[in-house]
Amino acid sequence: MKRSLIIRQATEADLNSILLFEFRNRRWFSQFLPKHVLRKQTENYFRYLLNGRFKNLQYLVVLPSGELIGRFSGQVLDAKQRTMEVSYRVANEFTNRGIARFVLKRLLMLWASYGITEVYAQVADHNNASMKVLMSCGFHVSERQENSINFDPDIHDSLVFKWAASDDVTALMPIVELHEALAN
């Protein structure tokens with residue numbers, strides 16, 4: 001399965017596919033994302049992501065048939081410190097196949113080759129699958145925020161995960177060297 005995945009940057013031409021993907025998976029995603037987050041994900045919101053300053057950090061996971069099965073979104077937190085945040089989601093019928101881990105590991109290498117030093121991710125304390133993905137990609141828990149996510153009627157804690165390029169430097173060196181060689 002992973003050999004047949006296409007990981008690519010999203011463009012405005014993907015807007016309808018993204019909206020359809022989000023609509024089809026809304027019930028699944030609502031287990032892990034608060035309602036107010038899902039409600040703001042309108043056509044205008046996605047258009048902003050695809051055209052705004054973070055447009056180069058929007059990635060899609062697509063099958064050769066063109067079916068969108070996953071979405072990864074980055075946001076720069078501090079350009080001077082070279083830190084960013086990542087969020088991601090995979091369609092329910094494609095979970096538990098290692099797709100999120102496969103894609104995230106590759107994106108981390110790509111971002112590190114561009115000079116990103118730290119990547120953060122925030123996860124609800126009941127999202128065990130996402131915690132497992134992050135830890136398998138070299139993230140560790142850097143902070144626990146109590147009562148920080150409202151899943152109406154329940155309030156959950158969130159865990160902030162951190163990945164540092166310096167912790168993964170040996171795995172990333174061939175990618176960084178390749179990037180530097182291509183730049184020259």
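Q: What percentage of the 184 residues in the protein do buried residues make up?

A: Happy to start there: buried residues make up 40% of the 184 residues. Keep in mind that this is a predicted model. The word "buried" is used for a relative accessible area under 20%.

Q: How many helices and strands does the protein have, and in what order do the elements run?

A: There are seven helices and seven strands. Starting at the N terminus, the order is β-α-α-α-α-β-β-β-α-β-α-β-β-α.

Q: Why is Lys 132 called exposed?

A: Lys 132 has a relative accessibility of 63%. The term "exposed" asks for over 50%, so Lys 132 counts as exposed. Lys 132 is found in helix α6, which spans residues 128–136.

Q: What makes Glu 85 partly exposed?

A: The relative accessible area of Glu 85 is 26%. Buried would need a value under 20% and exposed one over 50%, so Glu 85 is partly exposed. Glu 85 lies in strand β4, residues 83–90.

Q: Which residues does Glu 85 touch, leaving out those up to four places away in sequence?

A: Glu 85 touches Ser 73, Gly 74, Gln 75, Leu 77, Tyr 120 and Gln 122. There is also a pairing in space to look at: the C-alpha atoms of Glu 85 and Ala 121 are 5.6 Å apart, although 36 residues separate the two in sequence.

Q: How do you know that Arg 71 and Glu 22 meet in a salt bridge?

A: Their side chains come to 2.8 Å, N to O. A salt bridge calls for a distance within 4 Å, so this pair qualifies. Both Arg 71 and Glu 22 are buried.

Q: What parts does the salt bridge between Arg 71 and Glu 22 tie together?

A: Arg 71 belongs to strand β3 (residues 68–78) and Glu 22 to helix α1 (residues 15–24), so the pair ties together parts that are 49 residues apart in sequence. Glu 22 and Arg 71 are also linked with Arg 89 in a network of salt bridges.

Q: Why does the pair Glu 118 and Lys 162 tie together parts that are apart in sequence?

A: The side chains of Glu 118 and Lys 162 meet in a salt bridge at 3.2 Å, N to O. Glu 118 lies in strand β5 (residues 118–124) and Lys 162 in strand β7 (residues 155–164), so the parts tied together are 44 residues apart in sequence.

Q: What makes Asp 125 and Arg 144 a salt bridge?

A: The closest N and O atoms of the two are 3.6 Å apart. The limit is 4 Å, so the pair counts as a salt bridge. Asp 125 sits in the loop between β5 and α6, and Arg 144 in strand β6 (residues 140–150), 19 residues apart.

Q: Are Asp 125 and Arg 144 buried, exposed or partly exposed?

A: Asp 125 has a relative accessible area of 23%, and Arg 144 has 46%.

Q: How many salt bridges does the count come to?

A: The count comes to five salt bridges.

Terms used. Residues are numbered from 1 along each chain as its sequence is written. This is a predicted model: local features need pLDDT of at least 70, side-chain atom pairs count only at pLDDT 80 or more; totals for chains, interfaces and linings use all residues. Side-chain values use heavy atoms; hydrogens and water are left out. Helices (H or I, at least four residues) and strands (E, at least two) are DSSP runs, numbered from the N terminus. Buried means under 20% relative accessible area, exposed over 50%, partly exposed in between (1.4 Å probe, protein chains only). Contact means heavy atoms within 4.5 Å.
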